[in-house]
Amino acid sequence: MKAGVGRERSEQLAEVRRVYAELAARPVERGCLRLTECCQFKRTGLTPYLTKGEALVAAQALRATGRKKLPNEINGACPLLHPDSSRCLIYADRPFGCRTHFCAAAGGPLARREVLDLIRRLEAVDAELGGDGARKLPVALAAALAEIA
Ligand code: SF4
């Protein structure tokens, strides 16, 4: 499905937020302690992949902080990790991968089968928005920021 066909963009992004809310409501014994270990891409060798809907939600959240472009990466960390406070700039709107990551302190990764229905919904939004699948966070977010500029 091409962008603009089907649901309006606001509804598509509302669907992304519903997916996040449903994930949070699932009875899984785990919780983010905001240690930001998983935000250290270079150190861990892992970078979250974002579908287009996730990237647009994150881009809107970053714009809401007054920023118009992606901050520079520092020491290979996520560009959304504030260099002084070590807090995520968009925590409430952080991508799906940041909520289901491998962090042992948070309880370890969620099995794909546990969240496959939610992944499918994010993929459906990606297709509706004309995306071509999940991309690494810095690339996906830069494109989304350019799109909403
Ligand atoms: S978006 Fe936020 S939670 Fe996710 S890796 Fe970046 S700083 Fe960490």
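How many nonpolar, polar and charged residues are in the shell around the ligand? Sorted by class, that shell holds eight nonpolar residues, no polar ones and one charged one.

## The ligand's surroundings

Keep in mind that what you are looking at is a predicted model. The residues around the ligand are Cys39, Pro48, Cys78, Leu80, Leu81, Cys88, Arg94, Pro95 and Cys98. Arg is a charged type, so Arg94 is the charged member of the group.

The mean pLDDT of the protein is 90, and 95% of the residues reach 70 or more. Going by secondary structure, confidence is lowest in helix α2 (residues 41-44), with a mean of 91, and highest in α3, with 98. As a rule, where pLDDT is low, the predicted coordinates should not be read in detail.

## The overall fold

The protein has six helices and two strands, and reading along the sequence gives the pattern α-α-β-α-α-α-β-α. Its radius of gyration is 15 Å, close to the 15 Å from the globule rule for 149 residues, so the protein is as compact as a globular protein of that length. The C-alpha trace spans about 40 × 35 × 25 Å along its principal axes.

Buried residues come to 29% of the 149 in the protein. Now for the contacts with a separation of 6 or more: 85% of them are between residues 24 or more positions apart.

## Helix α3

Helix α3 covers residues 52-64, which is 13 residues. From its first C-alpha to its last it reaches 18 Å, close to the 18 Å expected at 1.5 Å a residue. Its buried residues are Lys52, Gly53, Glu54, Ala55, Leu56, Val57, Ala58, Ala59 and Leu62.

What do those buried residues pack against? Their partners are α1 (9-25), β1 (49-50), α4 (96-99), α5 (112-128) and α6 (137-148). Just after α3 comes Gly66, with a positive phi of about 95°.

Asp126 is found in helix α5. Is Asp126 buried or exposed? Asp126 has 22 other C-beta atoms within 10 Å, and the cut-off for burial is 20 or more, so Asp126 counts as buried.

Setting aside neighbours within four places in sequence, Asp126 is in contact with Thr51, Lys52, Gly53, Gly131 and Gly133. Thr51 is 75 residues away from Asp126 along the chain, yet their C-alpha atoms are separated by 5.7 Å.

Most residues other than glycine have a negative phi. Which way does phi go at Asn75, positive or negative? Asn75 has a positive phi of about 55°, although it is not a glycine. Asn75 sits in the loop between α3 and α4, and it is exposed, with 10 other C-beta atoms within 10 Å.

Ser86 also lies in the loop between α3 and α4. Ser86 is not a glycine, but it has a positive phi of about 55°. With 12 other C-beta atoms within 10 Å, Ser86 is exposed, because the cut-off for that class is 12 or fewer.

Note on methods. Residues numbered from 1 in each chain as written. Predicted model: local features only at pLDDT ≥ 70, side-chain atom pairs only at ≥ 80, totals over all residues. Near = placed C-beta within 6 Å. Helix = DSSP H or I, 4+ residues; strand = E, 2+ residues; numbered from the N terminus. Rg over C-alpha atoms; globule rule 2.2 N^0.38 Å. Contact = placed C-beta atoms within 7 Å. Expected span 1.5 Å × (residues − 1). pLDDT = per-residue confidence, 0-100.
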